[in-house]
Amino acid sequence: MWPYWWRRLPLVGVLVSVFLIFLASHGLVVALSVTLLILATYVVRHLWQLAQLDRWLRNPGGPAPSGVGEWGDVFYLLNKHLRSSRHGQDIATAGLEQMLQATRSLPDGVVILDKRDRIAWLNDAAERYLGLSRTRDIGQFIYYLLRNARFVEWLAMDDHGQSLRMRAPILPEVTLSLQLVRMSLDQRMLLAHDVTELERVDAMRRDFIANVSHELRTPVTVIAGFLETFDEMERPDPGALKKHFRLMREQSDRIRHLLDDLLVLAKLEGEQDMKNETVDVPGMVEVLAGEARSLSQGQHEIAVEIATRMKLIGSSQELRSAFGNLVSNAVRYTPAGGRITLRWRLAESGNAEFSVVDTGEGIDAKHIPRLTERFYRVDRGRSRASGGTGLGLAIVKHVLQRHQGKLKVDSAVGKGSTFTASLPADRVIPETVPDAEPAPRSAVA
């Protein structure tokens, strides 16, 4: 654009021309008066335009003034820059709002602290985990609200590489991992991550290692003791050796069964894919009943109730392992003279159900939710005496989960127990319906 003084040359020329014309025709006074009048009119017009600019700048939301001449150019350029600035501001505001909305929905708690550790902003998870409130606690010192000595000490350390684990203030069952992150403008971000599940898994791992070590220690100690005794014998008694060998074999069998169950569990947890095939469950139930009679050695009454000949889609090996564990548990934990019933039926919901009903001692309701935990035993001494490894129901749970099924337990102390493996309807292969439907088959031995 031309320099400001250059664009004012036409005005100067007009004033000079008017002054000379009126000076030649009317004299000096008239020439000066007319010239000053024109100049005053020009100044008044500029002042009016400046007033319009002042009103518009005080209320930028209104329409831009319609200036004349160079003022029109000024108003046009200012309005253009204002629209561009507003557009950029709208984009920035929308991006900030989108980021805040996303941060509000994060599963981790987020609290923004100023340089004096006052709360500047927090999200929904921070309210849930830390018991804070956006409407009440903004501007408050966080260490006044989270009255935990370990937290206050950790916050004062200002060590952004050091995390802190603590119980959630209003959710004692939740464990939080707190972390500080440095931000600009002397602000810090406090992150609260729920690590309850990680702690539970870590505790399960520690318990698992301790339980396996405990289960192996006894048989290994027995075998080692016998071997040490044999080593010290000058002339071993054949009768005593035979007795000791039998006990050693029992303990070695216990170790082998434990290792077998551990390998089965590891395989179930490690394999993502499962080979689906047609499983003849009625035939499997008959075989399991035979094995139960062999294990019982005539001490129990074994009954079979097959209400349907339907089959399943699934892994025959895994289902046989799960159903076999339910049957062997019933034989082990039912006193002599008791009755054990194996049932195979179609439930009203369309699900297939394999149930094992016994007349044993029953299980207290407080133990039922934990029965499928590894190595959990209602009575440790009685379980070991029966030859169980403590992993049978854990295997049942994993097998049923892989088949989208579940285990249901109904038990009462002194009345017996019913363990039911329920498989979803979409895994059921309906039986072929004959002309005359046969009555449910029942067998007792």
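This dialogue covers how to read salt bridges in a predicted model.

Colleague: What should I know about the model before I start?

Modeller: The model is predicted, so local features need pLDDT of at least 70, side-chain atom pairs count only at pLDDT 80 or more, and totals for chains, interfaces and linings use all residues. Residues are numbered from 1 along each chain as its sequence is written, and side-chain values use heavy atoms, leaving out hydrogens and water.

Colleague: What is a salt bridge, and how many does the structure hold?

Modeller: A salt bridge is a side-chain nitrogen of Lys or Arg within 4 Å of a carboxyl oxygen of Asp or Glu. The structure holds 16 of them. Take Asp117 and Arg188: their side chains meet at 2.5 Å, N to O. Asp117 sits in the loop between β1 (109-113) and β2 (119-122). Arg188 is in strand β5 (residues 188-194), 71 residues apart from Asp117. Strands are DSSP runs (E, at least two residues), numbered from the N terminus.

Colleague: Are Asp117 and Arg188 buried or exposed?

Modeller: Both are buried. Buried means under 20% relative accessible area, exposed over 50%, partly exposed in between (1.4 Å probe, protein chains only).

Colleague: Which residues join Asp117 and Arg188 in one network?

Modeller: Asp158 and Arg182 do, through salt bridges that share partners.

Colleague: What links Glu353 and Lys408?

Modeller: A salt bridge of 3.0 Å, N to O. Glu353 lies in strand β10 (residues 352-358) and Lys408 in strand β11 (residues 406-412), so the pair ties together parts 55 residues apart in sequence. Glu353 counts as buried because its relative accessibility is 7%. Lys408 has 35%, so Lys408 is partly exposed.

Conventions:
Helix = DSSP H or I, 4+ residues; strand = E, 2+ residues; numbered from the N terminus.
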